Amino acid sequence: CLLYASTAPELSDNTRYDFFSRVVPPDSYQAQAMLDIVMAMGWNYVSTLASEGSYGESGVESFIQISRESGGPCIAQSLKIPREPKPGEFDKILLRLMETSNARAVIMFANEDDIRRILDAAKRHNQTGHFLWVGSDSWGSKISPVIQQESVAEGAVTILPKRASVPAFDRYFRSRSLSNNRRNVWFAEFWEENFVCKLGMHGKRPGSPKKCTGLEKVGRDSSYEQEGKVQFVMDAVYAMAHALHRMHQDLCLGIPGLCSRMSSIDGKELLSYVRAVNFNGSAKTPVVFNENGDAPGRYDIYQYQITNKTAEYRIIGQWTDQLHLNLDAMQWANGDTSVPSSVCSLPCQMGERKKTVKGVPCCWHCEPCEGYYFQASEFTCELCPYDQRPNLNRTGCQPIPIIKLEWHSPWALVPIFVSILGILATTFVMVTFVRYNDTPIVRASGREMSYVLLTGIFLCYVITFPMIATPGLATCSFRRIFLGLGMCFSYSALLTKTNRIHRIFEQGKRSVTAPRFISPASQLAITFSLISVQLLGVVLWFAMDPPHAVVDYGEQRTQDPGNARGVLKCDISDLSLICSLGYSILLMVTCTVYAIKTRGVPETFNEAKPIGFTMYTTCIIWLAFIPIFFGTAQSAERMYIQTTTLTMSLSLSASVALGMLYMPKVYIIIFHPEQNVPKHKRSFKAIVTAATMTSKLSQLASERPNGEVKTELCETKDTNASECCCPVFISYYSHLHSHAGYLIHMPL
């Protein structure tokens, strides 16, 4: 059987229809062409509509199957038009199509009448311009489906097998009349239908008011358009003729007519000759068959356009195994040339991933990649490496900027300014003491211990610079060494001095014998033994954990990656810092305890009171330091606050010691040199006795109405002289002042 119009795809199945061949392409090619059109438009969400029956259902099934196999668009709805639709059926179908309004493209395998009625329903529901119709060859370039509803059909893309009009057929058919076409039994019926008349009393058109004259002429008295399948009818006939001619040549060996060999052939042998034909058909295109008996797929693609109120089908491309579409020639509703959309979800922006809707891969929700995640693929976000953060559009990662405390930062300028002033002041005091090294005030201050204390104060100021400098091996080493060393120098010296004063007066209460280890050499030995503990700890620290610089990405890893920073710092943990300063703080607390114990010493006696005030103030400074330092551990400005707090605490501690212990002496040395003169020397016994008696006098003064007390203190230049036992009453206040000049400069 050689078919000229059957396009059902199931006829390509050789196991069922092995003797069928056709000169038209099957609907599977048409479905592929329509799918290629949809993909070229960028539509990924479409609906299908089919007339009930083999043609419509098979066409839609082929489209859906090919779409699934190739990963094509998603099918929003697949609707069917019944053979005998009920009233309102097309309105229901249109309302269902509108339920998935994003699926604007509608793939149609429907007959002419169904096409016309669905367009009419769209017009009634005011959906002009909403739906994007893609019609099969049943729509093609026909006028009947779009008459009086051109605006609704505007922009429709249709497909039609490539064909050509046959002029010889037009000449032949127009010459046909009732008199010269007796062999066609249906010609009379055609005549009545075409000219809207009735042929006598036996005519097939009852009720027609007009009687046919027989003189009507096709194309003159009626509209005429060549049927599109004429070409294929002719090609089918010629294909059979070519097959029989070739068979006659092979089997009859030139014998005219039907030879005996041809009369005995079976269908399979004839089929082989039919499948082997190859000639140019009536449209000058090759007529060939594949192994399934199908003709090659060749289609013209049309679009129904309205230009200057003129509606017509225009060829916008063709399909021959692959699509050739001229998008620039396309035009949509209201003359718009941009391709409208038919998608379930709009494309996600950069930095957003698609979260697909279950069961509908063409529908998704766009979710931004947040935090430190970047868009790794269309559907996934991945975490950036720890030392990186997402770039601006979150399509990749970039290194996190590295920061450090800069010299020009306000957090650094204030500590640097204070440190420079402190260094200058400390240097000035040192130079002054060296310059007046042999004067009574300098000697009475304990020169050796003063220089140790001034060295510690100087180191407390100097540590500011390594703390602010760019971290590196050398910088981190200096930080470890000098961070607690300056305080250790200072408070070791002060602890030694306060301990010495305490031991002297405790010893004086029990005996006139001087306590041990109060000489300058002994004091230096005690001080440096205390300092050696700090140095030993630093050496062990170096051995167990060599210093090095690290980049801490966790300290400023903020919620907003745009503000994330890596902090270049020395590898010194808070615990290591506490251990480094802890020993110096222990010395400071111990020194404060001794300052409290020696608070009863006369305020003019050998710096006891100034040392006490220094330690009280220092304790207040470090008590304020602890909550500020550790309370800002979670702050984004942690590096700046902690460094500034630590350096300022060290500088303020040094400034308190420098101001209270040394500035008064420097003031006297520079501005009142007349007070910097030797005083009458006293024996240790006399000194201790005077201090003890002064304390007692202060207690008894409140008991005497006139402030007089009895004393047996005798002054003598002989340190070994026996005590005089001449009791005298003297004024408490005059006694105190008379001894002040001897006590203030006495180097203990």
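Me: Before we start, what are the ground rules for the numbers?
Reply: The model is predicted, so local features need pLDDT of at least 70, side-chain atom pairs count only at pLDDT 80 or more, and totals for chains, interfaces and linings use all residues. Residues are numbered from 1 along each chain as its sequence is written, and side-chain values use heavy atoms, with hydrogens and water left out.

Me: What makes Cys252 and Cys259 a disulfide?
Reply: A disulfide here is a pair of cysteine sulfur atoms within 2.5 Å. The sulfurs of Cys252 and Cys259 sit 1.9 Å apart, and they form one. A search of the whole structure turns up eight disulfides.

Me: Why is the disulfide of Cys252 and Cys259 called left-handed?
Reply: The torsion about its S-S bond is about -75°, so left-handed is the word. Both cysteines are buried, too.

Me: How do you know that Cys348 and Cys366 are bonded, and what do they tie together?
Reply: Their sulfur atoms are 2.0 Å apart, and the two form a disulfide. Cys348 lies in the loop between β12 (323-325) and β13 (352-357), while Cys366 is in strand β14 (residues 360-368), so the pair ties together parts 18 residues apart in sequence. The S-S torsion is about -95°, so this disulfide is left-handed.

Me: What about Cys369 and Cys381: buried or partly exposed?
Reply: One of each. Cys369 has 3% relative accessibility, so it counts as buried, whereas Cys381 has 21%, so it counts as partly exposed. The two form a disulfide with their sulfur atoms 1.8 Å apart, and the link is left-handed, with -70° about the S-S bond. The pair links distant parts of the chain, twelve residues apart: Cys369 in the loop between β14 and β15 (373-375), Cys381 in strand β16 (residues 381-383).

Me: On to the strands. What makes β10 and β11 a pair?
Reply: Two strands pair if DSSP finds at least two bridges between them. Strands (E, at least two residues) and helices (H or I, at least four) are DSSP runs, numbered from the N terminus. Ten bridges join β10 (residues 298-307) to β11 (residues 310-320), and the strands run antiparallel. Tyr302 stands opposite Ile315 in β11. The hairpin has two residues between the strands, and Asn308 takes a positive phi near 50°.

Me: How many bridges join β11 to β12?
Reply: Three, again with the strands antiparallel. Gln318 stands opposite His324 in β12.

Me: Why are β4 and β12 said to stand at the edges?
Reply: The open sheet has eight strands in the order β4-β3-β5-β6-β7-β10-β11-β12, with mixed pairing. β4 (74-81) and β12 each have a single partner strand, so one side of each is left without a neighbour in the sheet.

Me: Which residues let α15 meet α17?
Reply: Contact means heavy atoms within 4.5 Å. Ser477, Arg480 and Ile481 in α15 meet Val538, Trp541 and Phe542 in α17. The axes of α15 (residues 473-482) and α17 (residues 520-544) come within 9 Å and cross at roughly 145°; axes are lines fitted to C-alpha atoms, for helices over the stretch in contact, and angles run from 0 to 180 degrees between N-to-C directions.

Me: Which α15 residues are buried?
Reply: Thr475, Cys476, Ser477, Arg479 and Arg480. The buried residues of α15 pack against several elements, including α17 and α18 (574-597).

Key. Buried < 20%, exposed > 50% of the residue type's maximum accessible area, 1.4 Å probe, protein only.
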